[in-house]
Amino acid sequence: MAIPELRSELAGEGTEGTLTVSSCEAHTKTRYGGSHRRSTELRFNCAGTWTAQQSDLSYEDVEVDTSSRFETGSKIPVIQVDDTFELPQDRDAGDDAAVVALCLSLLAAGAYCLLTGFGARNGLGFAASWRRLPAATVTGPLLGGLFGLGLLAALICALVL
C-alpha cells in the first residue's frame, strides 16, 4: 500500500463514469524493494473521453494508468476523485491495510502458542497457558495488546477505508 493510494482512498467516494479509450501507450514502472531489489512492471497509459454516469459531466483527454492494454473504442469504468481519474480496483487500499493488520494479530497469536504450548494435543487450556507465559508481566500485555491492536486496525481498515 502506497501513500498516493491511501490518499485517494481517504479523499472520498468520487464520481463514477466511463472512459471511452482513444489510445493506449505502454510504459514501464520501476519499483525498488529491500536488499537492493528492483522490479520493472509493464503499465499502460490509456487516454480518452470520460463521461459521468449520473450527470452530463464529460471530460476529454483524460489519462488513466492501467495494467492492461485496451483497444480503441473500449469503454472502461473509471472513477474521478478530485482532479485524478482511477480504475475502481486501484482504490482498494483499505483491504490491503486490513490484511496487514490481521497478520499482526496472527503473529501475536502464533507467538503466544509457541511461548506457552497452547493448542498442543492434550495441552493446557487458555487460562492455564496464560499463567505459564515467560516474563508474564511483560509478554502478556505485549502479546495481548498486539493482538487487540491488530484486530482493531483490521476492523477499522476493512469498514472505514
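Me: A disulfide is a pair of cysteine sulfur atoms within 2.5 Å of each other. Which two cysteines form the disulfide here, and how many disulfides does the structure hold?
Reply: This is a predicted model, in which local features need pLDDT of at least 70 and side-chain atom pairs count only at pLDDT 80 or more, while totals for chains, interfaces and linings use all residues. Residues are numbered from 1 along each chain as its sequence is written, and side-chain values use heavy atoms, with hydrogens and water left out. The sulfur atoms of Cys24 and Cys46 are 1.9 Å apart, which is within the 2.5 Å limit. The pair is therefore Cys24 and Cys46, and the number of disulfides is one.

Me: Where do Cys24 and Cys46 lie, and how many residues apart are they?
Reply: Strands (E, at least two residues) and helices (H or I, at least four) are DSSP runs, numbered from the N terminus. Cys24 is in strand S1 and Cys46 in strand S2. The disulfide of Cys24 and Cys46 thus links distant parts of the chain, with a separation of 22 residues.

Me: Is that disulfide right-handed or left-handed?
Reply: A disulfide is a covalent bond between the sulfur atoms of two cysteines. The torsion about the S-S bond of Cys24 and Cys46 is about 95 degrees, so the disulfide is right-handed.

Me: How many bridges join S1 and S2?
Reply: Two strands pair if DSSP finds at least two bridges between them. S1 and S2 pair in the antiparallel sense, and Cys24 stands opposite Cys46 in S2. The number of bridges between S1 and S2 is 15.

Me: Which residue of S4 is the bridge partner of Thr18?
Reply: Strand S1 (residues 15-32) and strand S4 (residues 75-81) run antiparallel and are joined by six bridges. In S4, the partner of Thr18 is Pro77.

Me: Is Cys46 buried or exposed?
Reply: Buried means under 20% relative accessible area, exposed over 50%, and partly exposed in between (1.4 Å probe, protein chains only). Cys24, at 14%, counts as buried. Cys46 has a relative accessible area of 0%, so Cys46 is buried.

Me: Which residue forms a salt bridge with Asp65?
Reply: A salt bridge is a side-chain nitrogen of Lys or Arg within 4 Å of a carboxyl oxygen of Asp or Glu. The structure holds one. Asp65 is in strand S3 (residues 58-66) and its partner in strand S2 (residues 38-52), 22 residues apart. With the closest N and O atoms 3.3 Å apart, the partner is Arg43.

Me: Is Arg43 buried or exposed?
Reply: Asp65 has a relative accessible area of 28%, so Asp65 is partly exposed. Arg43 has 10% relative accessibility, so Arg43 counts as buried.

Me: What is the phi of Asn122?
Reply: Asn122 is in the loop between helix H2 (93-116) and helix H3 (126-131). At 81% relative accessibility, Asn122 counts as exposed. Asn122 is not a glycine, yet its phi is positive, at about 60 degrees.

Me: How far apart are the end C-alpha atoms of helix H4?
Reply: The expected span of a helix is 1.5 Å times one less than its number of residues. H4 (residues 136-160) has 25 residues, so its span should be 36 Å. The distance in the model agrees with this, at 35 Å.
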